[in-house]
Amino acid sequence: MTMPEVIEFISSFAEVSGAPVRTNTNVTSLTRTDDGYQVLTTAGEIRCRSVVLASGGYNVPSVPAVSASLPPDVEQITPFDYRDPSQLADGGVLVVGASATGAQLADEIHRSGRPVTLAVGEHVRLPRRYRGRDVLWWMDHSGVWNERHDAIDDLTRARHLPSPQLVGAPGTTLDLNALTAMGVELVGRVSAARDGWALFSGGLRNMFALADLKLNRLLDTFDEWASDHAGHEGDLGEPERFEPTRAPESSRWRVDLGSGEIRTILWATGFRPDYGWLHVPVVDAKGNLRHDGGVVDSPGMVVLGLPVLRRRKSSFIYGAEDDAHELVDHLAGYLDGRRPGWTA
């Protein structure tokens, strides 16, 4: 869907549902009361017996602590602040993070004529298309997106994996090989800053090998599903494999930030939720909401839209629907007294 189509989808849903939608209204505080919750907003107070937290898990940029040790004359920005290359100082740009955002920004900034260095850590490699279909078609039909949270061995790790490199115009894939071909320099992840130098970790080849291995395992899953459904889904094309990620013959392990080579650092290092407005003791020391499959440890409270909430697709607009059906059932049981306890 294009951006206008997404806007139309959400606007139409508001009309069809008939819900009393309040636009341009920010929630400033949510607290527990004897009979439910008090919600303070910029448009007044709301009292309710139950509440659904659907603010998502990507509210504020997640910037590493090493940023505080960098020279003050090097500009630092995040994707929240970035609009286009014209706002950046002339000269080189260090993009930190090689997931979807980092790859897109490295591409756009390099096309503006600025030298770009991309610091690469753990990443999830995906092609834009596979065997003639969009890769998300495969993720859906093969059942990968529907894998449930209680069937995943390491759920904590799954919920904190980097977002896939799911970028590229129709028919093309924007991956690290494409960026290398256009002249973007690849280095390891930023590990430290010392005496005006940014230090990069080694093991870049290992990062590439791990991402390629996981990609090929995923393609094996697609191929197995296709062989079981041959003839039922039309022409699915032939199995294919992609060129391994090309590692540079040698990669720099540091750069002098005082030399003027790098004028801007763009932290494409992901996002995290913001629960500064949530005054209920359900957030752990790391800022993560405590929940079991979306059921929060507070009576009458559920959450939607977090990564791998109940399924691998939970943080996508299309993925929230199945979660919502199940969590609304829990909520209905609580509200009519059928479920005095509050467990997943």
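Student: Which residues of helix 2 are buried?
Tutor: In helix 2, Ala-100, Gly-102, Ala-103, Leu-105, Ala-106, Asp-107 and Ile-109 are buried. Buried means under 20% relative accessible area, exposed means over 50%, and partly exposed lies in between, with a 1.4 Å probe and protein chains only. Before we go on: this is a predicted model, in which local features need pLDDT of at least 70 and side-chain atom pairs count only at pLDDT 80 or more, while totals for chains, interfaces and linings use all residues. Residues are numbered from 1 along each chain as its sequence is written, and side-chain values use heavy atoms, leaving out hydrogens and water.

Student: What do the buried residues of helix 2 pack against?
Tutor: They pack against strand 7, strand 8, helix 5 (176–182) and strand 15. Contact here means heavy atoms within 4.5 Å. Helices (H or I, at least four residues) and strands (E, at least two) are DSSP runs, numbered from the N terminus.

Student: What makes the 5 strands a sheet, and in which order do they lie?
Tutor: Two strands pair if DSSP finds at least two bridges between them. Strand 8 (residues 116–120) and strand 11 are joined by 4 bridges and run parallel, so by that definition they pair. Thr-117 stands opposite Glu-185 of strand 11. The open sheet has the order 6-15-7-8-11, with parallel pairing. Strand 6 (75–77) and strand 11 (185–188) each have a single partner strand, so these two are the edges.

Student: Where do the helices lie on this sheet?
Tutor: Helix 2 (residues 100–111) packs on the sheet, touching strand 7 (92–96), strand 8 and strand 15 (262–267), and its direction makes about 170° with that of strand 8. Helix 6 (residues 204–228) lies across strand 8 and strand 11, at about 100° to strand 11. Axes are lines fitted to C-alpha atoms, for helices over the stretch in contact, and angles run from 0 to 180 degrees between N-to-C directions.

Student: Why is the pair of Tyr-130 and Phe-242 called tilted?
Tutor: Rings of Phe, Tyr and Trp (its six-membered ring) pair if their centres lie within 6.5 Å; planes under 30 degrees apart count as stacked, over 60 as edge-to-face and the rest as tilted. These centres are 6.3 Å apart and the planes stand at 50°, so the pair is tilted. Tyr-130 is in strand 9 (residues 129–130) and Phe-242 in the loop between helix 6 and strand 14 (254–256), 112 residues apart.

Student: Buried or exposed: how is each of the two classed?
Tutor: Tyr-130, at 0% relative accessibility, counts as buried, whereas Phe-242, at 27%, is partly exposed.
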